[in-house]
Amino acid sequence: MKISYNWLKQFIKIDKKSEDIAAILTDLGLEVETVSNYQSVRGGLVGVVVGHVLSCEKHPDADRLKVTTVDIGETSPVHIVCGANNVAAGQKVPVATIGTKLFDKDGVEYEIKKGKIRGQESHGMICAEDELGLGTSHEGIMILDDKLKPGTACAKVFNIENDEVFEIGLTPNRADAMSHYGVARDLRANLLQKNSNIEIITPSVSTFRIDKRTLKIDVDIKDSKLAPRYCGVTLSGLTVKPSPAWLQNRLKAIGISPKNNIVDVTNYILHDLGQPLHAFDAAKINGKIIVKTVAAGTKFTTLDDVERTLSEEDLMICDEKGPLCIAGVFGGKSSGVTETTNCIFLESAYFNPISVRKSAKRHALNTDASFRFERGIDSSITEFALKRAALLIKEVAGGEITSDIVDIYPKKIEDFPVFLHFDKTAKLIGQELPKETIKKILASLDIKVNTVSDAGLGLIIPSYRVDVQREVDVVEEILRVYGYNNINFTKKLNATVANSARTEDYKVQNIIATQLNSIGFHEIMANSLTSPDYVKLSETLNEDYNVIMLNPLSNDLSAMRQSLLFSGLEAVSYNINRRNRDLKLFEFGKTYHKLPSGYDESKHLTLFVTGNRMDESWTTAQKPSDFFLFKGYVIGVLERLGICKLLNKPLESDVFAEGMAISCGKDILVELGTVKKSILKHFDIKQEVLFADFNWNIILKLINNKIKFTDIPKYPEVRRDLALLVDKVVAFDSIYTIARQTEKSLLKDINLFDVYEGKNLPDGKKSYAVSFTLQDTTKTLTDEQIDKVMSKLQKNLETEVGASLRQ
């Protein structure tokens, strides 16, 4: 939100530097992000003065140029070469002196310098209006009032306005500060605590009079809950034209482009008092104004020339033929003010904040009016703002007020009581403030003290303070005006250490995150909101299970994710598109499902690996990440948590081209594999991506928190290798299981160190080179014991999977 300092001074007489005001506003909770300068004419005409042309002669060496002598208020006249055909002796003209900086039509700055033009010295430039930024004409130089004194700054002649603009990062709860009037109130509250005798200057509407009663338009409110207060008045005999300079400057300073005098006044009052207004062309209103909802599917064209489909919940301003405006959000094209408008119906209302917010979200319209209505405006100034606007319109557009004010306010929005306890105030603030100071602060905030007792104060909160509903809210108001920086704090440091189990979720996450970081993984945190269309990429997901947002930020963020796969692939795609192709990513997050029995949230850990294993190096050849390396990462996570006795089985899934599931007992712990190309294509990913999805809730239950310690064996281990010829369908997992079942006491480790498929092998066969490590913790193994174990292994492998020794 932008606040003009000059505008602010209309409400409160202050002469402090803008830096000081910015600091005060920030302390009050209205954080000033930037302070920028505004000039009604770029450059402010600095260096441009009134000149008196003393002489004007033809240039001796150029037919179209003239050599002039100009008095610019200095000790001696200056010579200026001018190419304008209308320059003549005796004129008063604007002169840009040497060193003046002007701007061309493209906004590029250039400096006026001393120079020679066709052999004649020129000490400045006599300017046309477009060269000064005062207009668009370049037909000749500007001729000024003959009464002006040479040397007078043109900034004074043309009333150039210089302003400073505060950019305030307004929090949503501060609806009361969404105007210059509201900011001035806060500023006054702060200055009063510093013993500054300062008051708010409220604009007067005492001159409001009804000129004639010739254009009455009745108003019918169908639902007073959606429109608690509605005011309106008609004005006739208006002339729609550009606004005067002062009004245009006010709007331009805060970034609003002036349109015409009627619309500009409504925008001015909105930012002046915080009350949105709307002007209807009265000639386009058929019958009376009706405030109501309309049938779902009704078509309505708004001022931006977009046809919108209305909901049965949209509150509309209608006439007897149909809708004219979406209440509190946006006007309609058919009833807007145009150059031919000469009479208007001016609306000032208080609409239900929730209704306005829903309509604005529904139609993706974020206007200055909806921004204020949906946060809650001051219902007590509705009529005052209407009178103020009517008087301004008469001032800038002429005309007359031609009806009584219609003010439909069946149930007044009352101020509300809150009791403030002194002891609770001191406890929350951390310091006891003097009672008189508290009363003074409350009075400066328009909070009335109704009753006083030893325990506390009975307060009446003004209705426009929609964010002050509880005692703690009042304490916050006191604290922000008193100043957070003025609260003393103790030098004593207190700390508490929470005792929690080693298997607490956050601790386990930190352990695994550290492990994954150590092997090159980076953690990502994706948005839980995602596109509802992602479920169509997998048959295992169900559109009926989508948790849909009632007020989504956009269509792409309108559903809670059912899987962490797609948000992760978004991150993968984003990085690949920026030439970061070698990725190891992990994420802890939740999935959300809408089930017949209610809503379900499940915690997951996901891993994503794509690209090469290691960065390019002269010592190591590039090698792409593969499934077996990825499986090792997954097993490493489980083993780090003490989860053993794992079972592997192939997995058929519409997500994986090739996949497997790792389970413990009946529980599937992880599903991993290579993501299907059809899914990768949707994200414009052309390289292989490996994905693992851990069911974190089950894993937390299976964590082995008991650690067993054993002595380091004193006796040597023995390794024996077998080159086994097996069918291609036989997996190493089968060999591993058979070996473990064959010898449980002496067999310490089994490792597959080579796989061969190719020539010199029978059809349908492959070769596994497997090492077996044997060890006895009580004695040294003999050759007889070793041979016995290996013979037994060889026999069982031959019996179970048809394995034979490769010759």
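Predicted model: local features only at pLDDT ≥ 70, side-chain atom pairs only at ≥ 80, totals over all residues.
**Close-up views of helix packing**

View 1. Look for Glu-471, Asp-473, Val-474, Val-475, Glu-477, Ile-478, Leu-479, Arg-480 and Val-481, which are buried in α13. Because nine of its twelve residues are buried, α13 is largely enclosed by the rest of the structure.

**View 2. The length of α13 and what follows.** How far apart are the end C-alpha atoms of α13? They are 17 Å apart, which agrees with the 16 Å that twelve residues (471-482) should span at 1.5 Å a residue. Just after this helix comes Gly-483, with a positive phi of about 110°.

**View 3. Helices α19 and α20.** Here α19 (residues 732-742) packs with α20 (residues 783-801) at an angle of about 135°, and their axes are 10 Å apart. That angle makes α19 oblique to α20. Their crossing is right-handed. On the α19 side, Ser-734, Ile-735, Ile-738, Ala-739 and Thr-742 make the contact, meeting Lys-792, Leu-793, Asn-796, Leu-797, Glu-800 and Val-801 of α20. Sorted by class, the contact has six nonpolar, three polar and two charged residues.

**View 4. Helices α14 and α16.** The axes of α14 (residues 505-518) and α16 (residues 627-640) cross at roughly 145° and come within 10 Å. This crossing of α14 and α16 is right-handed too. Find Ile-511, Ile-512, Gln-515 and Leu-516 of α14, in contact with Gly-636, Val-637 and Arg-640 of α16. Four of these residues are nonpolar, two polar and one charged.

Methods
Residues numbered from 1 in each chain as written. Heavy atoms only, no water. Axes fitted to C-alpha atoms, helices over the stretch in contact; angles between N-to-C directions. Helix = DSSP H or I, 4+ residues; strand = E, 2+ residues; numbered from the N terminus. Parallel < 35°, antiparallel > 145°, perpendicular 65-115°, else oblique. Left-handed = near helix turned anticlockwise from the far one by under 90°. Contact = heavy atoms within 4.5 Å. Nonpolar A, V, L, I, M, F, W, Y, C, P; charged D, E, K, R; others polar. Expected span 1.5 Å × (residues − 1). Buried < 20%, exposed > 50% of the residue type's maximum accessible area, 1.4 Å probe, protein only.
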